[in-house]
Amino acid sequence: MMPSSAEIIQAMDEISDTVCSVVDSAELCRHTHPDREFVEEANMASMRINEYLHYLNTNHTLYAAVKRAEKDGHLLTKEAHRAAHNLRIDFEKGGIHLPSEKLDRVNQLSMNIFQLSRQFGENISTDPGHVDIYPVSRIPKQIHHLLTPIHRFTSGTSGGSTGSWGNMKEKGFRIITEPRTLVSVLHCAADEEVRKMAYIQGNSVPRANLKVLDELIAARHELAQIMGYRSYAEFTVKQNLASSPEVVMSFLCEMSEMIRPKADQEFETIRNFKREKCGQICIDLEPWDEAYYTGMMKSCDHNLDSSIVASYFPLRQCIEGLKVLVKSLFGATFHNVPMAPGESWHPEVLKMSLHHPEEGDLGYLYLDLYSRKGKYPGCANFAIKGGRRISETEYQLPVVALVCNFPGSNSSNLRLNHWEVETLFHEFGHALHSLLSRTDFQHFSGTRVVLDFAETPSNLFEYYAWDYRVLRTFAKHYSTGEIIPEELVKSMQGARDMFAATELQRQVFYALVDQTLFGEQQASCRDTSSIVADLKTQYTSWKHVESTHWQIRFSHLVNYGAGYYSYLYARCFAATIWKKLCQEDPLSSSTGTCLRTKLLQHGGAKEPSEMLNDLVGEGIVRYCNSGIVPDMTAFTDELSLVEDQRLQLRL
């Protein structure tokens with residue numbers, strides 16, 4: 001007897017759950033485990049499971065069953081219908097509906113893309129680039145701890161009465177130009193030549209990725225064309241809210257035009273400030289000047305000292321802040337949970353359960369927050385197990401890991417810069433999306449949503465890291481216990497807003513590069529660096545530096561291929577949700593109930609536009625050429641918080 005449509009979809013979700021738990025665990029292991037043997041095994045498991053996924057995705061029996069289930073009118077719930085539809089689309093994205101020779105080529109291309117993507121990331125890790133600086137006096141003391149001391153011998157007088165020549169040992173520093181160190185050097189080094197050398201080197205490595213990126217673009221383009229699309233961007237965006245690259249480009253161009261006047265004005269302000277400081281009229285503003293001079297201007301205008309700000313954000317207090325947030329909004333509490341032997345991959349990892357007084361445990365969260373050699377270099381949220389309904393009475397609880405790279409260790413009194421606090425809250429937003437979702441199918445659990453909706457909860461939770469009513473609940477001085485002064489928070493907010501248009505323009509530029517590289521390919525094969533240079537000249541106020549190749553270290557081209565615009569979608573959605581729902585009383589349980597019942601608990605089980613409209617009413621999405629773009633009003637209102645008069649004073 002044939003199984004029913006409901007049983008087919010349930011069985012498919014169980015298969016997916018089993019495969020995903022291997023894929024996700026292997027991903028976490030290979031990015032975080034300190035033992036190379038575990039990492040190698042995870043790499044091999046990841047490759048093997050991907051091969052098995054290809055086998056599943058080309059199984060015509062499964063595909064036929066899913067198609068039949070989708071057409072069947074007997075699926076009982078909307079979510080089950082949605083699951084059947086999505087599963088069919090997933091099969092077809094793997095090319096199962098194609099003739100066998102085309103399907104063979106798709107499978108080959110998919111494996112190539114997987115390997116190229118991995119190579120791109122490995123090259124970034126193994127070749128971060130470096131510059132050697134002599135003497136040590138050219139490097140500010142506050143970043144000495146980030147750099148490697150080096151020495152060289154130079155000729156000079158030996159100091160003897162005969163005036164003989166001998167070798168003198170000169171101290172210097174090697175700057176490894178990985179992103180975190182590069183940011184610190186560009187922000188702190190007063191010596192312009194040091195900044196220039198670090199900027200050019202950091203934006204020119206790893207050169208091996210020029211070829212890898214070309215091959216990745218070509219493979220993705222060929223894959224999309226076999227599938228019947230004009231470009232990889234069209235292939236990717238089709239299932240998203242935007243629905244087509246044309247809708248994405250119109251959104252990006254609209255935002256670019258909107259911010260251009262203010263970004264140009266900010267550029268002039270920075271250039272004039274540099275001229276004022278350097279005492280030269282004709283001096284030009286270079287890309288390696290931006291962080292240094294904007295940092296100085298923010299400190300001057302807002303009397304900000306980053307070490308004073310950090311003194312109010314001990315990491316342990318920040319974790320307490322996340323607990324306060326969850327208790328206030330959702331009535332749930334985090335409890336530390338002991339781990340079974342062999343469960344933890346490092347002694348500094350913590351495990352917490354999220355517990356609700358009426359509902360019991362809602363899910364589990366691992367925290368792996370400190371940097372160590374060989375660990376994933378950024379901050380990320382790793383899903384380990386998706387939630388799903390197993391029976392009428394039983395629910396498979398979601399499990400996630402929040403991974404960061406804060407310097408120090410569990411035993412240290414680590415204090416965070418505010419941008420690190422913001423990052424922690426961002427990733428925590430992703431974690432909550434997973435922990436609070438209650439979907440029938442793990443296929444829709446938490447962050448398993450369309451790409452241009454996925455960053456909305458994380459962007460929303462960044463607002464909580466800036467709101468004084470939230471900060472005063474946990475931001476306390478590490479030695480005195482004094483609550484962070486409101487005036488200091490206002491200064492931090494003022495500094496954040498000073499060059500908001502410049503920062504936004506950069507994000508628009510990144511998204512345009514991503515769309516263009518994976519968009520329709522021109523007949524004349526242009527190299528990626530000249531495309532990036534043209535876009536930078538066209539869409540930003542800043543010049544492109546010859547011989548730099550910024551794109552070869554921009555890993556979002558791999559992870560988010562043709563989807564980087566999603567961050568800008570999310571910022572607009574989050575701005576509207578904050579303004580209409582959270583701003584009045586961000587910690588109230590009624591705000592939390594709305595967020596949970598209308599947004600977070602549904603994961604990907606409902607249409608994103610339906611959830612967004614339900615959450616805040618009209619005025620959060622706009623319909624454009626059969627696609628959806630965010631309403632920008634709340635977001636643009638925020639940008640105008642930058643006081644133009646203050647900028648005008650410097651012009």
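Predicted model: local features only at pLDDT ≥ 70, side-chain atom pairs only at ≥ 80, totals over all residues.
Residues are numbered from 1 along each chain as its sequence is written, and side-chain values use heavy atoms, with hydrogens and water left out.

**Entry: salt bridges**

I looked up the total and found that the structure holds 40 salt bridges. I then turned to Asp 497, which forms a salt bridge with Arg 496, their closest N and O atoms lying 3.0 Å apart. For burial I used relative accessible area (under 20% is buried, over 50% exposed, in between partly exposed, with a 1.4 Å probe and protein chains only). On that scale Asp 497 counts as buried at 14%, whereas Arg 496 counts as partly exposed at 32%.

Because they sit 3 residues apart in helix H10 (residues 245-278), about one helical turn separates Glu 268 and Arg 271. Helices here are DSSP runs of H or I with at least four residues, numbered from the N terminus. Glu 268 is partly exposed at 29% relative accessibility, and Arg 271 is buried at 17%.

I looked up Arg 36 as well, and its salt bridge with Glu 40 has the closest N and O atoms 2.9 Å apart. Arg 36 and Glu 40 are 4 residues apart in helix H2 (residues 36-57), so they are separated by about one helical turn. Glu 40 has a relative accessible area of 37% and is partly exposed.

**Entry: helix packing**

I next examined helix H22 (residues 566-582) and helix H23 (residues 589-598), which pack at an angle of about 135 degrees with axes 11 Å apart. Axes are lines fitted to C-alpha atoms, for helices over the stretch in contact, and angles run from 0 to 180 degrees between N-to-C directions. H22 and H23 are therefore oblique to each other, given that angles under 35 degrees count as roughly parallel, over 145 as roughly antiparallel, 65 to 115 as roughly perpendicular and the rest as oblique.

Which residues make the contact of H22 and H23? Ile 577, Leu 581 and Cys 582 of H22 meet Thr 591, Cys 594 and Leu 595 of H23, contact meaning heavy atoms within 4.5 Å.

Terms used
Helix = DSSP H or I, 4+ residues; strand = E, 2+ residues; numbered from the N terminus. Salt bridge = Lys/Arg side-chain N within 4 Å of Asp/Glu carboxyl O.
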